[in-house]
Amino acid sequence: MKKLAAIAAFSASTVLSGAMPALAEYPTTPVQFVVPWPPGDFEDILTRMIAAKMEEMTGVSASVVNKPGGGDGPFPGALEVLNGPADGSMVGSFVIGVPIVGPMIDIGIEEDSFTPVGIFLTYPFVLAASGDAPYSNMAELAAHAQDNDVVLGHFGAGLTPTKASFAAAKKMGFEFADDSAFDMLDCNTLSSGDADVINTTLALIEPCLGEINVLANIGSEPIAKLSGVQTLAAQSGINDLELWNGLFVKKGTPQEVIDKLDEVAAATMASVEAQALMAETGARVYWQDMAASKQRIETDRGKNAELGAILDN
């Protein structure tokens with residue numbers, strides 16, 4: 001009885017004083033990083049580096065789970081994170097389209113559904129065609145499309161590079177005759193004739209780079225590895241909205257979880273391996289923290305609206 005009374009007295013004094021036992025430091029259970037694309041591209045490679053760094057720094061198991069959504073792009077994978085717990089056990093590795101396009105398409109994602117932990121990657125996105133195509137830049141494509149059908153392959157109609165491609169075409173006075181969404185867009189897509197022009201990343205077409213025509217890159221500056229290739233913005237007059245990728249957690253996730261993920265991801269992007277990937281591929285690898293990422297998302301919402309206005313006119 002004396003022991004029970006002592007325990008009760010301790011518990012009461014703890015509550016009254018406001019002092020509670022310290023919570024275990026995150027993470028205490030395995031962490032899943034959800035990549036809503038197939039394995040192999042930049043976001044997958046860098047997210048796997050983050051997972052490995054998480055294990056190294058915390059001793060807790062971390063893994064990458066690929067959840068490709070086909071024609072629905074990253075949104076099924078994003079919804080899985082949204083429907084999961086807000087405790088850092090499930091972290092999304094999402095492209096710009098999730099926080100910017102997701103709230104516009106009535107699938108259950110709101111502007112504040114996710115909290116950005118940080119942005120770490122700008123993709124070297126390009127528009128490419130087969131080597132025997134009678135066009136090697138956007139002006140030549142626009143001229144060819146006046147009298148010929150051109151089919152565009154992309155990763156989802158709602159994604160930023162696809163929207164930029166449609167807006168550039170309209171600005172330049174042509175439209176694609178048809179378009180299709182793919183889980184994978186690489187050299188085989190062009191050689192098989194499944195699409196005439198593909199909207200993909202440089203890494204996926206690098207094995208056949210000398211045998212294809214890269215018409216433009218989608219971003220604020222040219223890619224050094226692509227000599228003579230101008231940005232889509234410079235060639236068409238649209239804005240320079242880039243495709244980026246970042247880490248996101250469900251709204252309500254504790255700040256200490258976000259802080260730990262920030263620490264791990266920042267260390268990952270500064271690593272020799274991550275910086276070597278940037279040098280080798282033309283991707284831009286960096287770490288932009290939560291506050292800077294929130295501001296970037298707001299700015300990019302405005303740029304996205306500009307592209308939408310071109311397409312609606």
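**View 1. Helix 2 and helix 10 make a right-handed crossing in this predicted model.** A crossing is called right-handed if the near helix is turned clockwise from the far one by less than a right angle, and left-handed if anticlockwise. The axes of helix 2 (residues 42–58) and helix 10 (residues 255–269) come within 9 Å and cross at roughly 115 degrees. Here axes are lines fitted to C-alpha atoms over the stretch in contact, with angles from 0 to 180 degrees between N-to-C directions. Helices (H or I, at least four residues) and strands (E, at least two) are DSSP runs, numbered from the N terminus. On the helix 2 side, look for Leu46, Met49, Ile50, Lys53, Met54, Met57 and Thr58; their partners in helix 10 include Leu261, Val264 and Ala265. Contact means heavy atoms within 4.5 Å. By class, this contact has 10 nonpolar, 2 polar and 3 charged residues, where Ala, Val, Leu, Ile, Met, Phe, Trp, Tyr, Cys and Pro count as nonpolar, Asp, Glu, Lys and Arg as charged, and the others, Gly among them, as polar.

A word on conventions: residues are numbered from 1 along each chain as its sequence is written, and side-chain values use heavy atoms, leaving out hydrogens and water. Local features need pLDDT of at least 70 and side-chain atom pairs count only at pLDDT 80 or more, while totals for chains, interfaces and linings use all residues.

**View 2. Helix 2 on its own has 17 residues.** From first C-alpha to last, helix 2 reaches 24 Å, close to the 24 Å expected at 1.5 Å a residue; the expected span is 1.5 Å times one less than the number of residues. Among its buried residues are Phe42, Leu46, Ile50 and Met54, buried being under 20% relative accessible area, exposed over 50% and partly exposed in between (1.4 Å probe, protein chains only). Just after the helix, Gly59 takes a positive phi of about 75 degrees.

**View 3. The largest nonpolar core has 93 residues.** Such a core is a set of buried Ala, Val, Leu, Ile, Met, Phe, Trp, Tyr and Cys residues joined through side-chain atoms within 4.5 Å. Those with the most contacts inside it are Phe33, Phe114, Leu141, Val197, Ile205, Leu232 and Leu261. Helix 10 supplies the largest share of this core, 6 residues.

View 4. At 76% relative accessibility, Asp106 counts as exposed.

**View 5. Gly246 is found in strand 10 (residues 244–250).** With a relative accessible area of 0%, Gly246 is buried. Gly246 touches Gly92, Ser93, Phe94, Gly118, Ile119 and Phe120, not counting residues up to four places away in sequence. The C-alpha atoms of Gly246 and Leu121 are 6.9 Å apart, although 125 residues separate the two along the chain.
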